[in-house]
Amino acid sequence: MTKNGHELTRVTIVNEKCETIYDSLVKPFDPIINYLTRYSGITKEMLNGVTTRLNDVQEALRNFLPPDAILCGQSLNGDLHALKVSY
């Protein structure tokens, strides 16, 4: 959590065979004031040295996912909102 609320810190995509096809930690632009590790699983140490930002992940997903990709998942609307690709 930052001063602006919850922030995206990890993106993982699996295929229909439950194989991880994309996994990236994400460094928020604002300083993190509470990692909420109990719920997020993210620690300060995990993000040390991470340089990937939200815009990097957005670009990677644009290049990675085909335009006709079918997305499914629990609370997908929240995930897409966190990625700032859906409002």
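**Pockets.** I looked up the second largest pocket of this predicted model and noted a volume of about 340 Å³. Its lining comprises 13 residues, and His-6, Glu-7, Thr-9, Tyr-35 and Ser-40 lie nearest the centre. I sorted the lining of the second largest pocket by class and recorded seven nonpolar, four polar and two charged residues.

I then turned to the largest pocket, for which the volume is about 840 Å³. I listed 29 lining residues, with Thr-12, Ile-13, Leu-65, Leu-71 and Leu-76 nearest the centre of this pocket. The lining of the largest pocket has 19 nonpolar residues, together with five polar and five charged ones. At least two lining residues come from each of β1, α3 and α4.

**Helix α3.** I next asked which residues of α3 are buried. They are Leu-54, Val-57, Gln-58 and Leu-61. These residues span an arc of only 100° around the axis, so they lie on the same side of α3. I traced the packing of the buried residues of α3 to β1 (10–14), β2 and α4 (76–82).

**Aromatic pair.** I searched for aromatic pairs and the count came to one. I located Tyr-22 in strand β2 (residues 20–25) and Phe-64 in helix α3 (residues 54–64), 42 residues apart, so that the pair links distant parts of the chain.

I also checked the accessibility of both partners. Tyr-22 counts as buried at 16% relative accessibility, whereas Phe-64 is partly exposed at 37%.

Technical notes:
Residues numbered from 1 in each chain as written. Predicted model: local features only at pLDDT ≥ 70, side-chain atom pairs only at ≥ 80, totals over all residues. Heavy atoms only, no water. Phe/Tyr/Trp six-rings, centres within 6.5 Å; stacked < 30°, edge-to-face > 60°. Helix = DSSP H or I, 4+ residues; strand = E, 2+ residues; numbered from the N terminus. Buried < 20%, exposed > 50% of the residue type's maximum accessible area, 1.4 Å probe, protein only. Arc of directions from axis to C-beta. Contact = heavy atoms within 4.5 Å. 1 Å grid on protein atoms, 1.4 Å probe; cavity = no way out; pocket = protein on both sides within 12 Å on 5 of 7 lines; lining within 4 Å. Points joined across faces, edges and corners; volume = space filled by probe spheres on them. Nonpolar A, V, L, I, M, F, W, Y, C, P; charged D, E, K, R; others polar.
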